[in-house]
Amino acid sequence: METVLSGIRSTGNLHLGNYYGAVRNFVKMQEEYRCFFFIADLHSLTTHPKPENLHDNIRKVLSEYIACGIDPDRATIYIQSDVPEISELYLLLNMNAYVGELERTTTFKEKVRKQPENVNAGLLTYPVLMSADIIIHNADKVPVGKDQEQNLEMARKFARRFNHIYHVDYFTLPEPFNFGSELIKVPGLDGTGKMGKSEGNGLYLIDEPKEIRKKVMKAVTDAGPDKPNAPKPEPVENLFYLLRLMSDVSTVAHFEEAYNNCTIRYGDLKKQLAEDIILFTTPVRERILEIYNDDEYLSRVVRNGAEKARESASKTLRDVREIIGYKGF
Ligand code: ADP
Ligand code: TRP
């Protein structure tokens, strides 16, 4: 059976981009594959979280995973820092990762541009840790959003390089994956780019209805189409993208037609979109709160997850040490 693995950094609550780009796929994949889903709390350290927030950040994402439908009895859910084998593999892989290639990755260059005051070595070697995450369970498929494509390329590169250096065919080369389609990028409501935590444009699963209405009503649009069947500018196309995700086909068709014959009122579209988002998020939010408050359940999930993940990871580490040439005395 093929292995699926993915993770999300515990740097904040999950938004609709995380859900549609990643978590929705996790839920579908757990039916058919051997699945590992984890919370990337070591990766979250690149942003220097305060010690008093670290644990709660992890707990939030964990509750949200489960509320979205990841079933701890089917998939292995675990916390990255509970599996020290990942850190050891990261160290070993770092020896064959070159500073030049790491400096050239788009995500790193973007971080250097956005936060020049905190260009730490953890950011530089972020793709190496991510590769260790993936290949430690020999994952075949990695469900992620479009923005992670390059990191997946790096993971394949490091896996291939290890196999090549040691003349083995040990690590599987992992592929990015979206259930039944291309990798996707959910747009934000600020007119350009993707929905993201650091972009501050997220619609969160945990948002209250009034918050969602407020955010959607404030979404950037334009003055409206001035001729029939006009192409949509990016901010408007983004609203339609969200409408296609959240609303039914007839609603989308209604607003498409209104756009094409220039009778559209963006206010109506936004109201409908907000209500359809609320319809989806309300039951999820209720489940998140319930799970978040259940200490006993969460602690059981985390313990079982760590045990299963370590079983698989320690086997890989034993093999890797042997391949590299470590021997017992
Ligand atoms: P963020 O970008 O909000 O900080 P993460 O980097 O933690 O979120 O991403 C976790 C997962 O969610 C990754 O698989 C990423 O590709 C996916 N993801 C994040 N934002 C989007 C988006 N706007 N559209 C599609 N997938 C996304
Ligand atoms: N880099 C991913 C993100 O920012 C999170 C992540 C860390 C991940 N390790 C991973 C995703 C391994 C998939 C597989 O979204």
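Here are some friendly notes on the cores, ring pairs and salt bridges of this predicted model.

1. Let's start with the packing. The largest nonpolar core holds 60 residues, and Val23, Tyr65 and Ile70 have the most contacts inside it. Helix H12 (residues 266-292) is the biggest contributor, giving 9 residues. Domain 1 (3-186 + 295-324) and domain 2 (209-289) each supply at least three residues to this core. Another core, of 38 residues, lies apart from it and includes Leu93, Leu129, Ala139 and Val144.

2. Tyr65 is worth a click in your viewer. Leaving aside residues up to four places away in sequence, Tyr65 touches a list of residues including Leu14, Val23, Phe26, Phe37, Phe38, Ile70 and Ile77.

3. Next, the rings. The whole structure has 11 aromatic pairs. Tyr19 and Tyr20 make an edge-to-face pair, with 4.9 Å between centres and 90° between planes; Tyr19 and Tyr20 are both buried. Phe38 and Tyr78 are stacked, because their planes stand at 25° with the ring centres 5.5 Å apart. Since Phe38 belongs to strand E2 (residues 34-40) and Tyr78 to strand E3 (residues 76-79), this pair ties together parts 40 residues apart in sequence. Phe38 is buried at 4% relative accessibility, and Tyr78 is buried at 2%.

4. Elsewhere, Phe162, Tyr166, Tyr170 and Phe171 are joined by ring pairs into a cluster. Two charges also sit over rings: Lys232 over the face of Tyr259, 5.3 Å from the ring centre, and Arg321 over the face of Tyr326, at 5.2 Å.

5. On to the charged pairs, of which there are 21 salt bridges in the whole structure. Lys141 pairs with Glu2, with the closest N and O atoms 2.7 Å apart. Lys141 is in strand E4 (residues 141-143) and Glu2 in the segment before strand E1 (3-9), 139 residues apart. Lys141 counts as buried at 16% relative accessibility, whereas Glu2 is partly exposed at 33%.

6. Arg59 and Asp295 form a salt bridge whose closest N and O atoms are 2.4 Å apart. Arg59 sits in helix H2 (residues 51-68) and Asp295 in helix H13 (residues 295-324), so the bridge ties together parts 236 residues apart in sequence. With a relative accessible area of 18%, under the 20% cut-off, Arg59 is buried.

7. Finally, Arg213 bridges to Glu275, the closest N and O atoms being 2.7 Å apart. This pair joins helix H9 (residues 209-217) to helix H12, so parts 62 residues apart in sequence are tied together. Arg213 is partly exposed at 36%, and Glu275 is partly exposed at 35%. Lys232 turns up again here, in a salt-bridge network with Glu237, Arg244 and Glu256.

How values were computed:
Residues numbered from 1 in each chain as written. Chains lettered and ligands numbered in written order. Predicted model: local features only at pLDDT ≥ 70, side-chain atom pairs only at ≥ 80, totals over all residues. Heavy atoms only, no water. Core = buried A, V, L, I, M, F, W, Y, C linked by side-chain atoms within 4.5 Å. Buried < 20%, exposed > 50% of the residue type's maximum accessible area, 1.4 Å probe, protein only. Helix = DSSP H or I, 4+ residues; strand = E, 2+ residues; numbered from the N terminus. Domains from an automatic or database assignment. Contact = heavy atoms within 4.5 Å. Phe/Tyr/Trp six-rings, centres within 6.5 Å; stacked < 30°, edge-to-face > 60°. Lys NZ or Arg CZ within 6 Å of the ring centre and 35° of its normal. Salt bridge = Lys/Arg side-chain N within 4 Å of Asp/Glu carboxyl O.
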